[in-house]
Amino acid sequence: MKFFADTAEIEDIKELAEAGLLDGVTTNPSLIHKSGRDFMEVTKEICGLVDGPVSAEVVALDHATMMKEAEVLRKIADNVCIKVPLTIDGLKTCKALTDDGTMVNVTLCFSANQALLAAKAGATFVSPFVGRHDDNGFDGMELIRDIRLIYDNYAFETEILVASVRHATHILESARIGADVATAPPKVIKGLVNHVLTDKGIEGFLADWAKTGQTII
Ligand code: E4P
């Protein structure tokens, strides 16, 4: 399963990339606002740090203006993936861009039927928001299971990009189901390394090593 970082924070992106944990990045207008950076400038910088897709979201609601915004965004770098909302205009934009060889991430997906539409429109990625789904009394992981089943039934190539990830269990369940990608805040990805027995093991080995009186360097 691929890991994308759901952030516009450069230091976090660099750290994950150095550890080989980064296959791409997703941003959205709220994350750009949080970063305090200029959208075009920070997106260009991120594209230079990651080999994989970097999602940059359009903000227009109509197809014609979405296409104009996408035209600007796709000039930033070859690895820009245009993010469009799951609306009819977003799907039209998705179809036009993917027909033209541009990667598209269809975002704000909250139902399996919406995901079916995104696949039919030729989306490169569909982003079901599991955390926000859970927050509203639904089962986010059930949504991922449904989309996996439907995409496999019809051999759709659209990748399931699990979004709005809040904790390690979302990632574990996504991997069990066979989702293609999980995009998560850097702290959630880094947190996957934590295990009490790893910490205890290191403590024990270091205590015994100290007793040998030896050094390696
Ligand atoms: C995905 O592409 C979105 O940027 C993101 O996962 C939204 O997450 P949130 O629900 O934590 O805002």
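Trainee: Two residues are in contact if their C-beta atoms, placed from the backbone, lie within 7 Å. And how are residues numbered?

Mentor: Residues count from 1 along each chain as its sequence is written. The model is predicted, with pLDDT of at least 70 needed for local features and 80 or more for side-chain atom pairs, while totals for chains, interfaces and linings use all residues.

Trainee: OK, H5. How many residues does it have?

Mentor: H5 has 12, residues 88–99, and reaches 16 Å from first C-alpha to last. Helices (H or I, at least four residues) and strands (E, at least two) are DSSP runs, numbered from the N terminus.

Trainee: Which residues of H5 are buried?

Mentor: Gly-90, Leu-91, Thr-93, Cys-94 and Leu-97. Buried means 20 or more other C-beta atoms within 10 Å of a residue's own, exposed 12 or fewer, partly exposed in between, with C-beta atoms placed from the backbone.

Trainee: Why are they on the same side of H5?

Mentor: Because they cover an arc of only 160° around the axis, taken from the directions from the helix axis to the C-beta atoms.

Trainee: What covers them?

Mentor: The cover includes helices H4 (63–73) and H6 (112–120), plus strands S4 (80–85) and S5 (104–109). The face of H5 turned away carries the exposed Ile-88 and Asp-99.

Trainee: New topic. How do S4 and S5 pair?

Mentor: In the parallel sense, over 4 bridges; strands count as paired if DSSP finds at least two bridges between them. Pro-85 is opposite Thr-107 in S5.

Trainee: And what runs S1-S2-S3-S4-S5-S6-S7-S8?

Mentor: A closed barrel of 8 strands, with parallel pairing.

Technical notes. Expected span 1.5 Å × (residues − 1).
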